[in-house]
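Please find below my notes on the model you sent.

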Amino acid sequence: MSKTGALDLATGVGGKIDKDGVLSAVDKYEKYHIYYGGDSEERKSMYSDMVNKYYDLATSFYEYGWGESFHFAHRWNGESLRESIKRHEHFLALQLGLKPGQKVLDVGCGIGGPLRELARFSSTSVTGLNNNEYQISRGQVLNRVAGVDKTCNFVKADFMKMPFPDNTFDAVYAIEATCHAPDAVLVLVSKVGCYSEVYRVLKPGQYFAAYEWCMTEAYDPNNQEQQKIKAEIELGNGLPDVRSTRECIDALKKAGFEVLWEKDLAADSPLPWYLPLDTSRLSLSSFRLTAVGRLLTRNLVKALEYVGLAPQGSQRVQAFLEKAAEGLLEGGKKEIFTPMYFFLARKPHSESRHDLVVFCLLSFLSLET
């Protein structure tokens with residue numbers, strides 16, 4: 001995992017945004033969200049700009065506090081956060097049945113922590129798809145350090161419009177990433193959505209596996225407290241919306257996939273997935289995530305911003321990330337949200353897109369009326 005320090009955090013805030021433009025980027029990002037008068041339809045229509053701003057602003061904080069793999073994990077008693085994250089990634093590789101030499105696609109790869117781990121674990125060539133220039137440049141550096149730069153690469157593109165030919169990859173996976181898609185199946189009738197693009201670039205008979213962020217069946221959309229928790233999660237994590245588990249599976253089927261199995265892996269995790277976010281606990285191995293660690297980071301960012309080493313707006317980025325942590329923690333405790341709704345799906349050997357064609361036609365007709 002990354003061992004970034006205070007200077008890395010300070011210089012990384014804002015990503016590829018000009019340092020003088022960070023504060024205005026924070027303003028624009030916040031206004032996309034309900035907390036600041038925004039609405040879900042605007043977030044969906046402007047998802048690319050919103051998500052890019054989010055990761056430009058937040059990536060250095062993620063790496064500083066979490067490491068190279070920006071995701072949660074099912075966790076056993078006695079297992080460290082780092083160990084659980086690696087096992088979570090290995091589980092995905094085993095479910096996909098990865099074999100040496102295969103071409104694999106990581107959809108929404110971040111700075112490539114899982115990409116590097118899976119490539120080494122399975123001896124595969126992994127392409128990371130990401131629309132954020134800063135994360136790709138950071139990932140390329142880390143690939144060279146890890147020695148996988150000859151077998152793994154990054155492609156800058158929107159995962160709603162993948163720049164790959166049909167039937168390119170032997171396997172596709174996504175780890176807490178496709179939640180950024182405005183629509184899992186369709187954006188507009190003329191544009192296919194994320195799962196449909198995965199279907200297109202995956203070879204027939206091969207597998208797509210993912211950990212999805214979802215609202216569980218326990219979520220009550222009419223409960224104001226739960227609405228607030230959902231809004232905090234969306235604000236602090238750059239999300240257009242958070243789909244339900246049912247919507248997730250329906251979207252896979254409409255895209256043409258056979259769903260082999262699905263399960264909320266948070267439901268039987270011996271240690272709660274949200275444990276690293278609980279400030280009432282003390283952990284030496286994850287000190288930066290504890291209450292004391294966060295307080296130190298907060299004061300550090302304030303000081304760095306004051307002396308000009310960190311750009312103006314850095315404190316506000318940390319503030320909405322802490323708001324996200326609060327929403328995730330409460331969502332986890334109330335069991336209305338999960339970051340690890342797992343599914344394994346297969347693209348049929350004989351492609352039949354009948355359901356998707358019918359769905360597109362019906363959607364078009366509904367728009368016409």
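1. Helix 8 has C194, Y195, S196, E197, V198, Y199 and V201 as its buried residues. Seven of the eight residues of this helix, which spans residues 194–201, are therefore covered, and the rest of the structure largely encloses it. The model is a predicted one, and the remarks here and below should be read as remarks on a prediction.

2. Overall composition. The protein chain has 369 residues, of which 56% count as buried. Its secondary structure amounts to 13 helices and seven strands. Taking contacts between residues at least 6 apart in sequence, 77% join residues at least 24 apart. The accessible surface is about 16000 Å², and carbon and sulfur atoms account for 54% of that surface.

3. Helix 10. How are the buried residues of helix 10 arranged around its axis? The residues in question are T245, C248, I249, A251, L252 and A255, in a helix that covers residues 245–255. Viewed down the axis, the buried residues of helix 10 fall within an arc of 155°, so they line one face of the helix. After helix 10 comes G256, with a positive phi near 110°.

4. The cavity. The structure holds one cavity of 30 Å³ or more. The space in the largest cavity is about 970 Å³. Its lining is made up of 50 residues, and those nearest the centre are Y54, Y55, Y62, F70 and N237. Two or more lining residues come from each of these elements: helix 4 (47–66), strand 2 (125–130), helix 9 (224–237), helix 11 (291–307) and helix 12 (314–333). Helix 4 gives the largest share of the lining, 11 residues. By residue class, the lining of the largest cavity divides into 27 nonpolar, 16 polar and seven charged residues. Anyone setting up a calculation on this cavity may want to start from that list.

5. L344. This residue belongs to strand 7, residues 337–346. Is L344 buried or exposed? Its relative accessible area is 6%, under the 20% cut-off, so L344 counts as buried. Leaving out residues up to four places away in sequence, L344 touches Q95, L96, Y207, F208, A209, E258, V259, L260 and W261. For one of these, F208, the C-alpha atom is separated from that of L344 by 6.0 Å, although the two residues are 136 apart along the chain.

6. S84. Helix 5, residues 81–96, contains S84. S84 has 0% relative accessibility and so counts as buried. Which residues does S84 contact, leaving aside neighbours within four places in sequence? They are A73, H74, R75 and E79.

7. D149. The loop between helix 7 (133–146) and strand 3 (153–156) holds D149. With a relative accessible area of 32%, D149 is partly exposed. Apart from neighbours within four places in sequence, D149 is in contact with N143 and R144.

8. Most residues other than glycine have a negative phi. S123 has a positive phi, near 55°, and is found in the loop between helix 6 (113–122) and strand 2. Its relative accessible area is 44%, which makes S123 partly exposed. E335 also has a positive phi, near 60°, and lies in the loop between helix 12 and strand 7. E335 is exposed, with a relative accessible area of 58%.

Methods. Residues are numbered from 1 along each chain as its sequence is written. This is a predicted model: local features need pLDDT of at least 70, side-chain atom pairs count only at pLDDT 80 or more; totals for chains, interfaces and linings use all residues. Side-chain values use heavy atoms; hydrogens and water are left out. Helices (H or I, at least four residues) and strands (E, at least two) are DSSP runs, numbered from the N terminus. Buried means under 20% relative accessible area, exposed over 50%, partly exposed in between (1.4 Å probe, protein chains only). Contact means heavy atoms within 4.5 Å. The arc is that of the directions from the helix axis to the C-beta atoms. On a 1 Å grid over the protein atoms alone, a cavity is a set of points where a 1.4 Å probe fits but cannot get out, and a pocket is an open set with protein on both sides within 12 Å along at least five of seven lines; lining residues have an atom within 4 Å of a point. Grid points are joined across faces, edges and corners, and a volume is the space filled by probe spheres set on the points. Ala, Val, Leu, Ile, Met, Phe, Trp, Tyr, Cys and Pro count as nonpolar, Asp, Glu, Lys and Arg as charged, and the others, Gly among them, as polar. Accessible areas come from the Shrake-Rupley method with a 1.4 Å probe; for residues, only the protein chains shown count as cover.
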